[in-house]
Number of protein chains: 2
Amino acid sequence: MLTSQQLSDVLRANGYKVTPQRLAVYEALAATKSHPTAEMLFSTLQPKYPSMSFATVYKTVEILDRIHVIKILNTGEDSMRYDADTSIHHHIQCNECGRVDDLMDVDSSGLVKEAENLSGYDIAGHQFYFFGVCPHCRKAHQN
Amino acid sequence: MLTSQQLSDVLRANGYKVTPQRLAVYEALAATKSHPTAEMLFSTLQPKYPSMSFATVYKTVEILDRIHVIKILNTGEDSMRYDADTSIHHHIQCNECGRVDDLMDVDSSGLVKEAENLSGYDIAGHQFYFFGVCPHCRKAHQN
DNA sequence: AACATTTTAATAATCTTTATTATTTATTTT
DNA sequence: AAAATAAATAATAAAGATTATTAAAATGTT
């Protein structure tokens, strides 16, 4: 999570200009833990930035990903999700309501080492996805 | 990996008819470890089944997934990949050449338990993806 | 072998994402 | 501070993957 000032610095350091749209997309993403899709981001920004186009949202998240201030998630849905938290953590999605939650304190470093040894790859990143039924939906079942 | 006979039985048991196309799609998938996309499958089948359409490939993999004889992979590319090996294993993709390899002997059961406790979810499945540079591309770098 | 039903293939449609281009905005230079 | 230049935005179109539709063909059953 970066301040606007920090994000501006990173953008400039990578040769990108600082624009209100870029700051707004990042802020919208940093303000939520819901791992929104491009469409959700667009809807969120609509009230404040009624002139912003879909293409701008897509271009912006592409840039934010390229300068490593956000992560792109792919849970197998038809659209991507975005996450402003770039720390190493994993995700779990509810098969029923579709929500995506963070899984913070699962230590994956052992598995990464193991994977590196087994594969001979030089591993640069990893994404773990778990799927199941969230507590909320489980409770709903009991009624 | 199922024989044609076994697959036929599973199809029938689930109320699906057995057709040459379905057997062919499964066989093409079972014959490779390259985790092909729908397009790759289509191209592979083209010579033997010149009349088969793209829609048939998509419908077929959808059915094969629904009866749990294949798995759908999602590495974040623009298209899905398919895997006839439904045993629990994980995948690693090369950031340079794009190939997707199996990671067989990485034990993830501990992490799944941990994730279940932390999240309160009832976990039904999981997919781990690692990304990096494959041995082949690493070697190419040295030249 | 004929029937009822499902599947296939072809096509069109849908949806997400990317490309294009004129206009606008941010930065640099004067 | 104003002008010049370089890049970004918005609008639109285009591309690409996947899904829906429907007439024709194949399957399993009687």
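The contact between the two protein chains takes 37 residues from chain B and 36 residues from chain A, where contact means heavy atoms within 4.5 Å. This is a predicted model, in which local features need pLDDT of at least 70 and side-chain atom pairs count only at pLDDT 80 or more, while totals for chains, interfaces and linings use all residues. Residues are numbered from 1 along each chain as its sequence is written, chains are lettered from A in the order in which they are written, and side-chain values use heavy atoms, with hydrogens and water left out.

**Between the protein chains**

About 2,900 Å² is buried between chain B and chain A, with carbon and sulfur atoms giving 65% of that area; buried area is the accessible area (1.4 Å probe) that two parts lose on being put together, summed over both. On the side of chain B, Leu111(B), Tyr121(B) and Phe130(B) lose the most area to chain A, together 23% of what that side buries. The count of salt bridges between the chains is 0, a salt bridge being a side-chain nitrogen of Lys or Arg within 4 Å of a carboxyl oxygen of Asp or Glu.

Strand E5 (residues 122–133) of chain A runs antiparallel to E5(B), and 11 bridges join them; helices (H or I, at least four residues) and strands (E, at least two) are DSSP runs, numbered from the N terminus, and two strands pair if DSSP finds at least two bridges between them. In E5(B), Phe130(B) is the bridge partner of His126(A).

**Around the DNA**

DNA strand C is surrounded by 19 residues, of which Tyr58(A), Met80(A), Thr19(B), Gln21(B) and Thr56(B) are the closest; a residue is near a strand if one of its heavy atoms lies within 4 Å of it. Sugar and phosphate account for 81% of the atoms of DNA strand C that come within 4 Å of the protein.

Around DNA strand D there are 19 residues, with Thr19(A), Ser51(A), Thr56(A), Lys17(B) and Tyr58(B) coming nearest. Of its atoms within 4 Å of the protein, 81% belong to sugar or phosphate and the rest to bases.

| Residue | DNA atom | Distance |
|---|---|---|
| Gln21(B) | sugar or linking oxygen, DNA strand C | 3.0 Å |
| Arg22(B) | phosphate oxygen, DNA strand C | 3.1 Å |
| Gln21(A) | sugar or linking oxygen, DNA strand D | 3.0 Å |
| Ser51(A) | phosphate oxygen, DNA strand D | 2.9 Å |
| Lys17(B) | base oxygen, DNA strand D | 2.9 Å |

Note on methods
Polar contact = N/O pair within 3.5 Å; in protein donor to acceptor, adjacent residues only side chain to side chain.
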